[in-house]
Amino acid sequence: MAYRPSNNSSTQPRGARPGHRSFGGQSSNNRRPSGGNGGGNRRGAYIHPSKFINKAVAAVDEVVYEHKNNFADFPFTAALHANVAKRGYTAPSPIQDQAIPLILEGRDVIGLANTGTGKTAAFLLPIINSLTTHSPRASVLIMAPTRELAVQIEEEFRAFSQGMQLYDAICVGGTNIDRQIRDLRRGAHVIIGTPGRLKDLMNRRELNLSNVTTLVLDEADRMLDMGFINDIRTIVSQTPAERQTLFFSATITPTIKDLVNTFLNDPAEVQVRTADTSERVDQNIIEADTKEARLDILTNMLNEAEFEKVLVFGETKFGVQRLSDHLERSGHSSVAIHGNKSQSQRQRALKTFKDGKARILVATDVAARGLDIPNVSHVINYDQPATYEDYVHRIGRTGRGGASGKALTFVPTQTRR
Ligand code: AMP
């Protein structure tokens, strides 16, 4: 069966202009993706299929972001400048441009930014700089929602702090706690962890936060979505009130506002959102009524050469594994990540996909959250996302760094008028 995306013109108001997003030029388009599924963001809310097709975008003037700073303007140590250059960064991204000077000044900062904006380096670079220039040394705690995001932060930290004798401890669930305890006892300048494991280590009296000078909450909204609110409050209550707090979130909800008001002191706000996904991701639906049809269409579609690096989303852990196994048996190199895999299995799968040794990664929403995977050519929603926000999050995995991407969503056959 040949693959043919639906072309239902009655639900396909084309008109999205090709977006351009790069760290040199940022769109001024700060519109949030509209919810509009009639049911807000409740789990399982019905989303009309027309929302999975390119949406017409009201004309908004693109404004090229004008940098205030080059990396050379930041008063970093020579070693840090060298590591930034080695990483291939030539110009600061808008969030880096705006947040780094504030963080260097010692201000508390709210960064309204999603993944892909360069927010990790925005907080890591000034932190690393102060770790090597201030005495007594800072003690940094970074909290992130998922193990994968924590590991990515650690990788960036290690790259930027190369040769500086700085040490980190990563405290995430799903991995051996004894090793983490050993790393903590040895002393770490930066602790990166997920709330559950951090709390566990605190309860075991292995994590003492009384010296924390800088606290980072990354993807705070995701941490709340995942039910970490109480853990976060408990952990933060153990850090000194006199500290610098850096708070990153893609959205501001009343609960987030409440956290900001309790955790931050006279914060400066930096707002950077990537361009609306509809501008850089070509979106369409594929109609299929039965599981067999979906599987058939997907398997055939993957034979086409343009499907170079494909991220497939499924709803359940079992479904995701089963689909990946099926694709592998059909001759398509595929790996899976989901909550039933150990941390090292997930990391291995992710690396296999990132390195191009598997062309397909099948994942659940939670496992894929916050992951930075370059050059994904297609996102396929094999199972529909539960909310429109999840949809926007999923398809944001493609069309990154100025590239364009495609997103395809399986839906039941539409009755046409
Ligand atoms: P993040 O939003 O922190 O997940 O970063 C998204 C991606 O952009 C990562 O692969 C970063 O390494 C990369 N990146 C961050 N800042 C820059 C920069 N100034 N120049 C080029 N790439 C960057």
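Leaving out neighbours within four places in sequence, I360 is in contact (heavy atoms within 4.5 Å) with L302, V310, V312, L327, H332, S333, S334, V335 and F353. This is a predicted model, in which local features need pLDDT of at least 70 and side-chain atom pairs count only at pLDDT 80 or more, while totals for chains, interfaces and linings use all residues. Residues are numbered from 1 along each chain as its sequence is written, and side-chain values use heavy atoms, with hydrogens and water left out.

I360 sits in strand β11 (residues 360-363); helices (H or I, at least four residues) and strands (E, at least two) are DSSP runs, numbered from the N terminus. With a relative accessible area of 0%, I360 is buried. Here buried means under 20% relative accessible area, exposed over 50%, and partly exposed in between (1.4 Å probe, protein chains only). I360 and A336 are 24 residues apart in sequence, and their C-alpha atoms are 8.4 Å apart in space.

Now let's visit the nonpolar cores. A nonpolar core is a set of buried Ala, Val, Leu, Ile, Met, Phe, Trp, Tyr and Cys residues joined through side-chain atoms within 4.5 Å. The largest one has 42 residues, and F123, L125 and I142 have the most contacts inside it. Among the elements that each supply at least two residues of this core are α1 (78-86), α3 (119-133), α4 (147-160) and β2 (140-143). The most comes from α3, with 8 residues. A second, separate core of 30 residues includes I181, A220, F247 and I256.

Apart from neighbours within four places in sequence, T120 is in contact with I153 and E156.

| Helix | Buried residues | Packing of the buried residues |
|---|---|---|
| α1 | L80, N83 and V84 | against α3 and α4 |
| α14 (388-395) | Y388, D390, Y391, V392, R394 and I395 | against α7 (220-225), β8 (281-287), β9 (310-313), α13, β12 (378-381) and β13 (405-411) |

An α-helix has 3.6 residues a turn, so residues three or four places apart point the same way. The face of α1 turned away from its buried side carries the exposed residues A78, A85 and K86. After α1 comes G88, with a positive phi near 90 degrees.

Helix α14 is mostly covered, as 6 of its 8 residues are buried. On a 1 Å grid over the protein atoms alone, a cavity is a set of points where a 1.4 Å probe fits but cannot get out, and lining residues have an atom within 4 Å of a point. How many cavities of 30 Å³ or more does a search of the whole structure find? The search finds 1. About 50 Å³ of space lies in the largest cavity, where a volume is the space filled by probe spheres set on the points. Its lining is made of F313, D365, A368, R369, D390, H393, R394 and R397. The largest share, 3 residues, comes from α14.

Notes:
1 Å grid on protein atoms, 1.4 Å probe; cavity = no way out; pocket = protein on both sides within 12 Å on 5 of 7 lines; lining within 4 Å.
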